[in-house]
Amino acid sequence: MTLRIDSKKWILYRHTRDFDKLCVVAEFLKSYTKTGISTDEKTQLNLKLRELGLYSERNPELPLDAINHKINQLSYYMFGYQAKVDGQDRFLFSPLGNLFLKHVEDKEKTAKIFLTMLWAVQYQHPHSGTDSEFQLHPFRLIYKLLSEPKLSNKLYAFEVAYSVVFLKEVNNTAYEELVNDLLELRKLSDEQLAQKFQEDRHALVNSAYEWDYYVSSLFQSSGVLNKKDGVVITKLQHGNTNTFRKITRNEVSIPENLKSLIEQLENEYSFLEKPLLLNDPERLKLDVVKEIYGFYPKTLLVEIGEAVDDFKFELLNLPKLIEQYANNNDGAEAYLFEDALADGFNMFYNIEANKISGAGNTDLECLYIPRKKKFTVEAKSTKNKLSSVNAGRLAGHREKIGGAYTIVVTPRYVPAVLQDIRTSPIVIIRANTFSEYLYNCIDNDIREIDYEDFDSIIVNNLGKDISKNISDLTISRFATQK
């Protein structure tokens with residue numbers, strides 16, 4: 001076996017294996033959107049969980065650690081992310097988290113949505129202690145292995161515990177080696193497997209306990225895996241305690257009703273895809289987190305019937321179009337980016353935005369109606385990072401329409417761009433920050449989106465990147481205070 005170099009491994013969340021409990025916590029958190037959850041209210045949630053038979057804490061003081069762990073577990077599974085604004089911890093539901101809660105009573109749909117949330121999980125992970133050396137999509141790999149005919153479309157618990165969770169990165173070669181290693185493991189007797197597990201007992205007892213007792217059971221209860229009991233191979237002592245954990249031949253497989261969706265997701269979002277880096281030296285960590293939690297594939301929406309003749313879907317899809325076109329994937333989407341931005345700014349009820357474009361002109365001419373103030377929007381779509389801004393040219397664009405300031409919308413840029421705009425009435429906003437704000441307005445049925453907050457932030461931060469200010473505005477307005 002060549003895969004396991006040391007004891008570092010995926011850290012799989014193991015607070016609860018009861019999916020219903022997670023759902024109750026998510027619904028409770030959602031009910032406190034836009035407000036904070038006090039200590040008393042967290043205690044009330046503990047009492048409600050105990051009343052439903054979902055909380056077995058024996059401590060009569062009802063400690064809040066358990067609730068905080070469940071919120072962390074929601075973040076791990078992509079229900080939403082946590083951020084701090086003005087010193088307060090906040091939880092902002094992701095688009096998939098909101099979609100899940102919309103259909104929380106429909107087990108068929110929630111299984112498909114949760115499966116798609118697993119597709120978004122990556123290492124490096126914003127809310128996991130897994131070492132940053134691990135860079136892959138863990139559950140895409142699990143489902144790829146479960147789709148592997150050579151493995152008879154199943155995985156045994158001892159295989160995940162011994163080999164899979166130690167894989168740091170994946171490519172075609174590493175995948176083939178992993179499959180071959182698992183096939184070799186399957187040839188071993190219980191006695192031979194028991195000996196191998198004893199060789200690195202501390203790491204392996206944890207990996208077995210996390211997968212077999214917690215994660216695979218949680219996935220079974222959510223409907224995204226079938227689980228079948230197998231024989232106990234051996235038992236390992238857990239640390240220096242008197243507790244022993246089972247190493248088993250329990251096996252998991254893909255439920256029949258999810259096979260088509262898994263095939264579509266794998267075709268569009270491969271297990272070989274490189275994950276985003278939280279420590280990307282050229283991007284803010286929060287910017288990366290927004291992109292990770294913004295995963296919202298149309299494939300899922302079609303699969304559950306969410307997209308068909310649905311006006312709200314069209315609105316929800318707009319921010320994703322902005323992000324897609326902002327990346328200018330094939331060099332021909334720049335004009336679509338301008339169209340999407342025009343639609344985006346026209347979602348403010350007190351803004352009239354018109355696309356102008358063409359040589360010597362701004363991309364969008366906008367009128368802030370109540371203030372009778374005009375401004376320009378420049379759509380900087382680029383496959384690579386925006387390398388410069390010609391402040392003089394943008395001044396000419398403003399002069400043509402009598403604009404007070406310029407908003408540059410771009411997915412990413414090099415730091416030197418900030419020097420280009422430092423003394424000019426220009427601000428930068430990253431595309432995913434802009435789209436996240438619009439998405440949350442739409443999802444919260446705010447049809448009269450007011451531009452006033454944007455204008456206030458802009459006039460007080462000319463010559464700067466206002467993405468952090470807009471992000472804080474989004475989180476303050478739509479996230480739950482922990």
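**Terms and basis**

A residue is called buried when its relative accessible area is under 20%, exposed when that area is over 50%, and partly exposed in between, with a 1.4 Å probe and protein chains only. By this scale Ser152 is partly exposed, at a relative accessible area of 46%.

This is a predicted model in which local features need pLDDT of at least 70 and side-chain atom pairs count only at pLDDT 80 or more, while totals for chains, interfaces and linings use all residues. Residues are numbered from 1 along each chain as its sequence is written, and side-chain values use heavy atoms, with hydrogens and water left out.

**The chain as a whole**

The protein chain holds 20 helices and 13 strands. These are DSSP runs numbered from the N terminus: helices are H or I with at least four residues, and strands are E with at least two. Of the 482 residues in the protein chain, 56% are buried.

Contact here means heavy atoms within 4.5 Å. Among contacts in the protein chain with a separation of 6 or more, 70% join residues 24 or more positions apart.

**Nonpolar cores**

In soluble globular proteins, nonpolar side chains tend to be buried together. A nonpolar core is a set of buried Ala, Val, Leu, Ile, Met, Phe, Trp, Tyr and Cys residues joined through side-chain atoms within 4.5 Å. The largest one has 135 residues, and Tyr77, Leu141, Phe345, Ile407 and Tyr451 have the most contacts inside it. Apart from it lies another core, of 10 residues, including Ala391, Val408, Ile426 and Ile428.

Phe345 touches Ile351, Ala353, Leu364, Phe375, Val377, Ile407, Phe434 and Tyr451, leaving aside neighbours within four places in sequence. Tyr451 is also separated by 10.0 Å, between C-alpha atoms, from Pro370, 81 residues away along the chain. Pro370 sits in the loop between β9 (364-368) and β10 (373-379) and is exposed, at 53% relative accessibility.

Two packed helices are described by the angle between their axes and the distance between the axes. The axes of α5 (residues 107-120) and α11 (residues 259-268) come within 11 Å and cross at roughly 25 degrees. That makes α5 roughly parallel to α11. Axes are lines fitted to C-alpha atoms, for helices over the stretch in contact, and angles run from 0 to 180 degrees between N-to-C directions. Angles under 35 degrees count as roughly parallel, over 145 as roughly antiparallel, 65 to 115 as roughly perpendicular and the rest as oblique.

From α5, Lys112, Leu115, Thr116 and Trp119 meet Leu261, Ile262, Leu265 and Glu266 of α11. The residues of this contact comprise five nonpolar, one polar and two charged. Ala, Val, Leu, Ile, Met, Phe, Trp, Tyr, Cys and Pro count as nonpolar, Asp, Glu, Lys and Arg as charged, and the others, Gly among them, as polar.

Helix α6 is largely enclosed by the rest of the structure, because eight of its nine residues are buried. Leu141 and Arg140 are among those buried residues.

**Backbone exceptions**

Most residues other than glycine have a negative phi, and most peptide bonds are trans. The peptide bond from Tyr123 to Gln124 is cis, with omega near 20 degrees. Gln124 lies in the loop between α5 and α6 (138-146).

Met78, which is not a glycine, has a positive phi of about 75 degrees. Met78 belongs to the loop between α3 (65-76) and β1 (80-85) and is buried, at 2% relative accessibility. Ser152 also has a positive phi, near 60 degrees, and is found in the loop between α6 and β3 (155-156).
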